[in-house]
Amino acid sequence: MLIILLFVSAVYLYVFPSPTLTYIAIVLLHAGLGILAALFLIPKIRHIFSPQNLKVCAGWMLITLGAGLGIVLLFTGTSHSHWNWMYAHIAFSLAGVAVLAARWAGSKRWLAGGNAMAAFRLALFLGLAAALGFGGLKIREGLWLSAHQISNPASPPISMDGEGDGPDGPFFPSSAQTAHNGKIPSNYFMESDACQRCHSDIFKQWSGSMHHFSSFNNQWYRKSVEYMQDVVGVKPSKWCAGCHDPALLYSGMFDTPIKQIVDRPEAHAGLGCMMCHSISQVKSTMGQGDFMLEYPKLHELAASKNPVIRWVHDYVVNLNPEPHRRVFLKPFMRTQTAEFCSSCHKVHLDIPVNHYRWIRGFNEYDNWQASGVSGFGARSFYYPPKPQQCADCHMPMVKSADAGAVNGFVHSHAFPGANTAVPTANEDPAQLKLTEDFMKGTVSVDIFAISAAPAKSGGAALPSSELATSFAVGEETETSTPQAGGGTVSPVSAPLNRINPTVRRGDTVLVDVVVRTRKVGHFFPGGTVDAYDTWLELKATDDKGRIIFWSGKVEDDGKGPVEKGAHFYRSLLVDAHGNAINKRNAWANRAVVYVRLIPPGAADTIHYRLKVPQYAGDKIRLHARLCYRKFAWWNTQFSFAGVPDPKVSQPATTPDYDDRSFVFTGDTSNVSGKLKHIPDLPIVALSEDEVMVTVLPANAVAMQPKVDLRAEDWTRWNDYGIGLFLQGDLKGAQQAFEQITKIDSSNPDGWVNLGRVAVQEGDMERARQVLEKALQLKPELARANYFFARVLRTEGKYEEAAAHLSTVLAQYPHDRVARNDLGRLYFLQRKYSDAIAELQQVLSIDPEDLQAHYNLMLCYQGLGDAEKAKHEQTLYLRFKADESAQALTGTYRQLHPEDNNERQAIHVHDSVPLTPASIAPPPRTAGLQGLKRTGNGEVDLQNLSLPKGRK
């Protein structure tokens with residue numbers, strides 16, 4: 001009977017683990033019964049293991065071995081590092097039961113008949129035991145995995161009122177919900193220290209992380225929410241709290257204005273262990289906190305102040321960690337990491353938040369999903385050796401002896417990213433160094449080419465997205481490339497480090513610098529890109545130490561704002577009165593002046609107009625730095641000390657605009673963080689490059705265009721062409737891609753990229769020629785088939801185009817653009833049902849896909865289904881951009897010509913005005929008293945004390 005009870009309880013414990021008191025009781029019962037069995041077996045060990053009793057006692061021998069291992073596991077537990085012992089315990093015990101059962105069946109004359117039948121009977125029962133073990137594993141894992149998958153709804157809500165619990169919900173306009181439809185006590189989110197008992201390394205990593213400082217212990221966030229509540233009220237700010245302030249929001253405390261409770265510990269809890277690990281369901285990849293939180297009552301045992309209860313809890317968890325794991329580590333946290341992270345790292349705003357309409361906010365998920373980094377995008381320029389998810393970069397494996405370690409490693413919960421501001425304010429050098437080290441090498445800089453400078457021109461503006469967004473749109477759409485391909489292209493000399501470039505005094509040349517994303521799985525930069533400074537600096541210094549060109553200079557000796565004419569990577573937004581969105585007031589965004597971000601596995605080509613002065617030395621050193629500062633200078637000043645200017649009469653504010661002027665004289669004695677003053681945030685050089693240029697006399701023969709084509713520079717030429725292509729310089733891109741076909745004509749990507757250019761220009765005859773070359777080299781290459789399908793569609797060859805798209809989708813079934821194109825082809829063929837099925841597949845990838853809703857509207861109109869057509873039209877109009885909003889940028893662009901220049905798809909940067917101290921040759925210092933230098937190391941000519949008669 002004891003063996004039967006052990007067997008039955010073991011089957012239940014292994015196959016159906018659950019975080020209930022009943023399960024815990026059976027764990028303890030099984031352990032107690034095991035101890036009784038061991039006590040029963042100890043006196044019989046000599047008899048059992050006697051050689052002459054081998055045949056009779058084989059089953060008891062196996063059970064005794066299993067019991068011995070069970071006793072060991074009572075002390076060691078069954079964490080991952082002891083799984084081998086646990087499964088050995090299961091195997092010995094299960095095999096022992098099978099042998100005993102076979103012997104019992106023989107005693108009842110079942111399958112009796114000599115040694116052969118006995119052997120058959122034993123094999124049968126061992127097989128049944130193996131089948132039970134295998135079947136139990138399948139049930140144990142299968143039910144668990146199938147119950148915790150992230151999938152999108154068939155259709156998104158037609159308004160924000162259909163998200164989460166709706167307008168009457170306690171957490172709205174956040175989409176977050178709780179499984180029990182109620183609130184959660186705040187202390188649940190504040191007990192991360194309870195996790196420290198078993199996960200001390202992880203707790204230490206988390207302590208300095210940005211998850212820990214997501215709430216009002218972060219002065220930048222604190223100021224933004226205080227400002228938001230002052231202007232639009234408390235309820236709209238719950239839009240932020242769903243992912244930033246769990247201890248306040250889910251307990252109901254967030255209904256109180258934050259200024260009244262900002263000093264309470266709940267306001268400084270951040271995102272603790274329980275926040276992310278209590279998410280039991282992610283309802284979609286639409287973000288906005290679209291998850292379900294589970295409140296496991298048994299956590300009270302772990303957080304109990306009673307040491308005996310805590311000990312019992314910890315002992316049971318160590319003895320059988322599976323229920324604990326099933327509460328706090330759902331399968332999608334490992335297998336669908338990006339979809340899990342999308343719940344907070346993708347947002348949108350709508351009427352309940354911005355009093356305006358649906359607008360996409362920051363979005364790390366969609367561009368990752370559509371790129372080569374995810375392994376889902378079919379049209380990328382580059383692919384990593386294997387697909388990567390969020391945790392591969394932001395939660396790297398680190399050594400640990402924690403209970404949850406696998407082979408001595410855990411995923412880092414320091415969450416390295418790009419926030420250098422909070423560690424600075426917290427005076428946390430370890431987290432700051434981790435962040436800076438993580439960022440370096442993610443992007444490269446290459447001073448690549450030089451050419452004769454063209455005449456200044458107005459240029460064409462960057463195209464606005466059809467989707468209502470304040471973020472960039474990348475490979476998740478068919479094309480976002482501007483149309484600026486007309487005219488001729490100037491020949492370039494490149495790569496500069498190969499050709500010993502020369503310029504003449506008095507020349508004006510164009511210097512091209514290429515910035516390429518390398519270890520970035522989303523747009524660069526990512527996150528709230530309206531709030532920090534990312535820019536490229538180019539500085540030219542001659543061999544006499546004189547600065548002759550400087551773009552991207554930082555004022556106040558590197559502590560102030562970046563000069564306005566620099567090449568920025570950011571989203572520049574304005575409110576309804578044309579004021580810049582610079583206070584993290586995304587809810588007031590009404591129009592986009594420009595968005596410039598670099599997609600993953602892509603590049604940007606930046607142009608600088610360098611005038612070589614007559615006094616230049618014989619050499620010029622060009623030095624480029626990609627600089628990063630979080631947060632922007634103005635935003636930091638505002639966050640710590642920003643107050644309305646008391647000296648002027650201030651207009652009233654509305655949710656649509658804020659016309660007030662601010663000064664930075666506020667009291668900083670009570671700001672969050674260790675620093676009680678406005679911090680000087682570090683500027684991190686993410687990547688640098690340098691080349692030397694020889695300077696010739698003005699009357700020398702000008703250098704003729706020269707290129708050096710080497711196999712090792714294939715990628716550099718390709719990057720250069722990608723940057724030109726994405727800004728719409730199609731002739732320049734064609735010239736660059738032609739060079740890579742000369743370097744390696746057997747690489748199909750050169751021909752594919754020429755095909756991209758030709759398709760974008762509308763030259764389908766040339767596109768066909770180059771894409772056919774690519775397909776000859778690699779017939780199954782998905783990106784070649786995709787663009788060739790575009791050619792065939794233009795030619796009206798819909799069946800052939802569909803066949804090539806099918807080749808694409810066989811390899812990349814989650815490429816939404818290819819599916820949209822195939823759905824469009826079916827629509828053009830009037831195969832409406834096929835088109836609808838294909839477009840519904842698009843919505844399973846992204847329920848907010850604008851093109852899919854538009855094409856579904858057309859398909860339902862074709863079928864005569866007016867109701868469904870109207871529904872899709874409503875969704876299309878919800879997500880479509882307000883084209884008239886661009887009129888709001890007019891006044892701003894007139895007042896800010898540098899930003900208007902940056903808005904142009906193809907534009908050129910000039911140097912900042914240089915001071916005489918930079919331009920003039922260094923003075924002879926003999927006889928000079930009080931020689932001083934500026935913060936940039938230049939001689940300070942204005943404060944020199946000169947002897948009488950000296951100038």
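Reader: Which strand gives the largest share of the lining of the largest cavity?

Author: That's strand 16, with 4 residues. Among the lining residues are D604, T605, I606 and H607, and strand 16 covers residues 603-611. A strand here is a DSSP run of E, at least two residues long, and a helix is a run of H or I, at least four long, both numbered from the N terminus. Keep in mind that this is a predicted model: local features need pLDDT of at least 70, side-chain atom pairs count only at pLDDT 80 or more, and totals for chains, interfaces and linings use all residues. Residues are numbered from 1 along each chain as its sequence is written, and side-chain values use heavy atoms, leaving out hydrogens and water.

Reader: What makes this space a cavity?

Author: On a 1 Å grid over the protein atoms alone, a cavity is a set of points where a 1.4 Å probe fits but cannot get out, and lining residues have an atom within 4 Å of a point. The volume is the space filled by probe spheres set on the points, which are joined across faces, edges and corners. The largest cavity comes to about 40 Å³, and the structure holds 2 cavities of 30 Å³ or more.

Reader: How many lining residues of the largest cavity are polar, and how do you know?

Author: There are 5 polar, 2 nonpolar and 2 charged residues. Ala, Val, Leu, Ile, Met, Phe, Trp, Tyr, Cys and Pro count as nonpolar, Asp, Glu, Lys and Arg as charged, and the others, Gly among them, as polar.

Reader: Why is strand 10 called largely enclosed?

Author: Buried means under 20% relative accessible area, exposed means over 50%, and partly exposed sits in between (1.4 Å probe, protein chains only). In strand 10 (residues 508-517), 9 of the 10 residues are buried, so the rest of the structure largely encloses it.

Reader: How do you know which strands pair with strand 10?

Author: Two strands pair if DSSP finds at least two bridges between them. Strand 8 (residues 443-452) and strand 10 have 9 bridges, in the antiparallel sense, so they meet that cut-off. A449 stands opposite D512. Strand 16 also pairs with strand 10, antiparallel over 9 bridges, with V514 opposite T605.

Reader: What makes the length of helix 31 agree with expectation?

Author: The expected span is 1.5 Å times one less than the number of residues. Helix 31 (residues 782-794) has 13 residues and should span 18 Å, and its end C-alpha atoms are 19 Å apart, which agrees.

Reader: Is helix 31 mostly covered or mostly open, and how do you know?

Author: Mostly covered, as 11 of its 13 residues are buried, including Y786, F787 and F788. The cover, judged by contact (heavy atoms within 4.5 Å), includes helix 29, helix 30, helix 32 and helix 33. Just past helix 31, G796 takes a positive phi of about 80°.

Reader: Why does K773 get the class it does?

Author: K773, in helix 30, has 40% relative accessibility, so it counts as partly exposed.

Conventions
On a 1 Å grid over the protein atoms alone, a cavity is a set of points where a 1.4 Å probe fits but cannot get out, and a pocket is an open set with protein on both sides within 12 Å along at least five of seven lines; lining residues have an atom within 4 Å of a point.
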